[in-house]
Amino acid sequence: MIQSIIILIVLSLCIGTGAWLFFIWAVKRGDFDDVEGPKYRMLDDSDDGEQEDQRREQ
Amino acid sequence: MASVDLCIHCNLPIPPSDLVVDEIDGRELHFCCHGCQGVYRIIRSAGLNSFYQRRDWSEQGVPAGVYDATFNETVLEGHVTKRSEILAEISLVIEGIRCSSCVWLLEKLLGRHAGVIDVRINYGTHRALIRFNPQEISPIQIFSAVRRLGYLPHPFTFGAVQDAAVREQRSLLIRFGTAAFLSMQLMGFSFALYGGYFHGIDPGIRQTIQYLAAAVTTPVVFYSGWIFFTGAWRSLKNRTPSMDLLISLGVITAYGYSLYALFFGGEVYFETAAMIITLILLGRLFENSARNRALSSIDKLLRLAPDSANRIVDEEILVVASSSLTPGDVILVRPGERIPVDCRILDGETELDESTITGEPLPVLRRPGDGLAAGTLNLTASLKLTVERVAAESFIARMARMVEEAQNNKAPIQFLADRVATFFVPCVALIAAGTWLFWFFRAVPHTDALLNAVSVLIVACPCALGLATPTAVLVATGNAAARGILFRGGDVLERTAHIDLIAFDKTGTLTLGKPSIEQIIPAPGRSAKDLLLLASQIESGSNHPIALSILARARAEGIKTGAAGAVEAVPGRGLRMTGISGEVLIGSRAFLTNNGVTVPPVASGSLTEVYLSLAGDWYGALLIHDPLREEARQAVTRLQQAGLTTVLLTGDRAEAAQQISDKLAIAETRSNQSPADKAAWIDRQRQAGHKVLMVGDGINDAPALSSADVGCAMAGGTDIALETSDLVLTRPNLERLHEAIYIARKALQFIKQNLFWAFTYNLITIPLAASGKLAPVWAAVAMATSSVLVVGNSLRLGRQIRRTFPVAKGQTTD
C-alpha cells in the first residue's frame, strides 16, 4: 500500500517536472513574451506584417 | 595552459581547418579564429594578462563589479542632458522596482542627496528622470546612491527598457510557473493530510506526506518567494516598511511554524506559505502585463524610425546605426524607406507620407530645404538629407519621452495612496502583534493565535491600494495615446476631468489652418505681383498658416521667395521687417494703424484681412479664406452636450468671428483679442471659479495655453505644441477633444471606484482576520482577489473607452 502510494507520488512528480521543464523551455524561447500581439497579427495589413517579418530577420 | 586542441582565448575546441597559430612573447599560441587572436592581443597589450589566470569558467553571466567599470564618468556624461550651468537631467532605468513603495523610497532617499533637485520615477516603466545640479553631484554618485539602496540602475536607452522588461517578465513567469507547479503537487498532499485529519491516517504515511510537502514548499518559498525577501530586506535596511515586508512576514511565519510542527508534531501549514506566494505572483504577473501593454503604445511610436541609415561619406554609402548619426551628416533615403532621424532635404524632391505624425492622409510634397521628421515615409524619390538632430532628440523620440514623462506626473489623488501605504505597514504589524498576544492569552491553542496573526499580515497587504490609481492612469493614458491624445501626466488627466469651460482659438483650431488667398488688393499704383513678392519676403521664415498660404501663392505665381532683411515677429499681431527700401509691416489693420500707417477701408466680408505697408505707406491687402473644419460643428455640439460652455477667443475682426460662432453655435465670442487679452480673460474666468480648457494652435496662443487649467495644442506636428500644452492632439481633429474629456472623466471615476474598493476591502477583512474568522489560505485568496479586482476594474476602463470610441485600423481621418 505505502509503496504504491510512494511510487505514484514519485511518478506524478516526474511527470510534473517534465511539464515544468517544457514550460521553462518555452519561456526561455520567448513564447510568452508577447501574448497579446499574435491574436491581432492576422488582422494586420499585409505590408505591416511584412515589415514585422523584416524586423525579425534583422 | 594552452592545450593543443583548445583555443587559448575562448577555451573551445579548435576545428583543425580553422587553426590560427600566433607567436606572442616567444610562445606559440593556438586560436580557433582570428577574432580570438585579436582579442587575446588586445587584452595582452592592455597589460591584462592576469585575466587568463584568474578567469573562472564556471561563472555564469556577467561577473560582479562589471557595472562599476562600464558606467564610468564619460559614458554617463553622454546620457546627461544639460539644461543650464546648475541644472542637468539624466534618465535611468531602475531594475528591482517591485511596488509603489519602492518608488516612494527611491524618490525620497535620492532626493535627500545634496545636489539632487528632483527625482521622478515612473512605476509603470521603471524609468527615473533625475534633475540635479552637476556642480554638486556627479551622475556616477547618483548611480552609486541607487545601487546602495539595493537597485540596479542602467542609463536609459529604449533597447535597455525593452530588454529589462522582457527579462523581468520572463523571470517572473518562471517564478510563478515553478510556484504554481509545486503548489499543485502540494495541494494533493494537503488533500491527503486533511482527509487523514478527519478520517484517521497511518502515522507513518502522515509523516512521509508531511516531509514531501516540506520538500515541495521549500523551493517555492526560497526560489519563487525570493523577490519578496529581497524587497523586504531592502525596506528594512532603509527603514521604510513596504508591502514585501508584510508578505515576507506572513510567509516566514507560516513556513517556520510548519517546519517546527514537522519535527515536533502538530499540523503543518506549508500550503499556506506556498499559496500566498503563488497567488501574489499571479497578481504581479497581471500587473506586469498591464504595464507592458501601456508601454507598447509608446514603443510603437519609436519603432517607426528605422534603426539603420545609409550614410554618405566621400561618395560612398555606409550602413550605420541611426543612433550614430550626428547633426551635419549626409544620409541617403530611398523611396519606400522611412526617415531615420530628423533631417533637412539637401537634394531631391519627393512626396512624403507624414500620416504617422500629423495624421494627414495625403502625401505632401517636400523640396530641398524642407525639414523632415523621423518616422515619416519617403514615397517617390531618393533623397539626400542632412541630419538635423541626433536620433535621441528626434521628434518622435521627444514625443515618446513626453508620453512617459506624462506618466511620471502623478495625479494628486495618487499621493493619497502613497501616503497611506507607508503609514499602513507599521500599523498592520502592530495589529498582527496585538492579535497574537490577545489569542495567546485567551489560552486557545498556540497555533491558532499564530495563524490568526498570519492572517492579519496577509490580508492587510495593501497592494490593491497601491494599484488603484497607477493602473487606471496607465490604462487611460495608454488608450488615449492610441487615439492620438497625449495627456502630459496623471495630473492633467485629473484636471481635464474637472473642465467646465472650453475656449477655442479660431485659426488652425476651428478652421483648417490651411488658408488660401482669395483676393489680392494692391494699393493704388502698386501691382499685385509686387505686393505678393513683398509679402512672401517678409513671411518666408514664418510657420504661421497665413504665412504658408502667402508663400504657397507666391510659389504658384513663380515668385522666388526668401527673406530680404531681419524679420521680427510681434506675436498675435504681425511681422516687421527692416529691408533695403525701408520698414515693412504685415499684419492686422490695428497693427498697421498703431504703427502710424493710414489704411483705407477694404470690403472684405467674412474673409480675414492681412495688410502690408512699406516705409509707412499702405501697400495693399490680402484677403484670406480659411475654411472651417468639417467636424467642428459636431465636435462643438458634443462638447456642449457634455455640459461644457464654449467660447471663441480670436484676434480676428468681430464680423469674421461672429460668423464662425453662429455657424458652430458657440455661446460666447470675443474678437480682437491679443494673446495677452486671451490670457487675461482666461485668468478672470478661473478666478470666477471656472475650470478652463484652452484649445489653440500653439503658435501664438502660448500665454493663453499656459494660463488655462489645461492647455491643448491642436497643431499636432509642431515642436511648440509639444512644449506649451498639457494635452496634445497628434491628429488635428476636434472630435478628439470630446474623447479626451470623456476618457479623463471616466478615468477619474474609475480611480475613485478603485480606491473605494481597496479601502473598504481592508476595513472589512482586517477585523475578520484578527477575530480569527479567516484562515491564512483564505486571506491569501482574498488578498489576491482584491488586487485582481482593482487591476480588472482598470482594464474594464480600457474596454469601456474602446467601446465608446472604437479605433479603426489604419484610421487617419474621420
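## Strand β11 of chain B and its two partners

In this predicted model, B:Cys343 has B:Leu372 as its bridge partner in β14(B), and B:Cys343 also stands opposite B:Val387 in β16(B). The strand that runs from residue 343 to residue 347 of chain B, β11, is joined to β14 (residues 371–372) by two bridges, and these strands run antiparallel.

## A three-stranded open sheet in chain B

Three further strands of chain B form an open sheet in the order β13-β12-β15, with antiparallel pairing. The edges of this sheet are β13 (364–366) and β15 (377–378) of chain B, each of which pairs on one side only. Between β12 (residues 350–353) of chain B and β15(B) there are two bridges in the antiparallel sense, and within this pairing B:Asp353 has B:Leu377 of β15(B) as its bridge partner.

Strand β27 of chain B covers residues 692–696, and because five of its five residues are buried, the strand is largely enclosed by the rest of the structure. Its residues are divided between two directions: B:Val692, B:Met694 and B:Gly696 point one way, whereas B:Leu693 and B:Val695 point the other way, and all of them are buried. In a regular strand, side chains alternate between the two faces of the sheet.

## Helix α15 of chain B

Helix α15 of chain B, which spans residues 446–459, has 14 residues and reaches 20 Å from its first C-alpha to its last, a value close to the 20 Å expected at 1.5 Å a residue. This helix is mostly covered, since eleven of its 14 residues are buried. The buried residues of α15(B) include B:Ala449, B:Leu450, B:Leu451, B:Asn452, B:Ala453 and B:Val454, and B:Ser455, B:Val456, B:Leu457, B:Ile458 and B:Val459 are also among them.

The secondary structure of chain A comes to three helices and zero strands, and its elements, read from the N terminus on, run α-α-α. Of the 58 residues in chain A, buried residues make up 0%.

The contact between the chains takes 15 residues from chain B and 15 residues from chain A. On the side of chain B that touches chain A, α7 (158–199) and α8 (203–224) of chain B each supply at least two residues, and the largest share of that side, nine residues, comes from α7(B). By residue class, the side of chain B that touches chain A divides into six nonpolar, six polar and three charged residues.

Notes. Residues are numbered from 1 along each chain as its sequence is written. Chains are lettered from A and ligands numbered from 1 in the order in which they are written. This is a predicted model: local features need pLDDT of at least 70, side-chain atom pairs count only at pLDDT 80 or more; totals for chains, interfaces and linings use all residues. A residue is buried if 20 or more other C-beta atoms lie within 10 Å of its own, exposed if 12 or fewer, and partly exposed in between; C-beta atoms are placed from the backbone. Helices (H or I, at least four residues) and strands (E, at least two) are DSSP runs, numbered from the N terminus. The expected span of a helix is 1.5 Å times one less than its number of residues. Two strands pair if DSSP finds at least two bridges between them. Two residues are in contact if their C-beta atoms, placed from the backbone, lie within 7 Å. Ala, Val, Leu, Ile, Met, Phe, Trp, Tyr, Cys and Pro count as nonpolar, Asp, Glu, Lys and Arg as charged, and the others, Gly among them, as polar.
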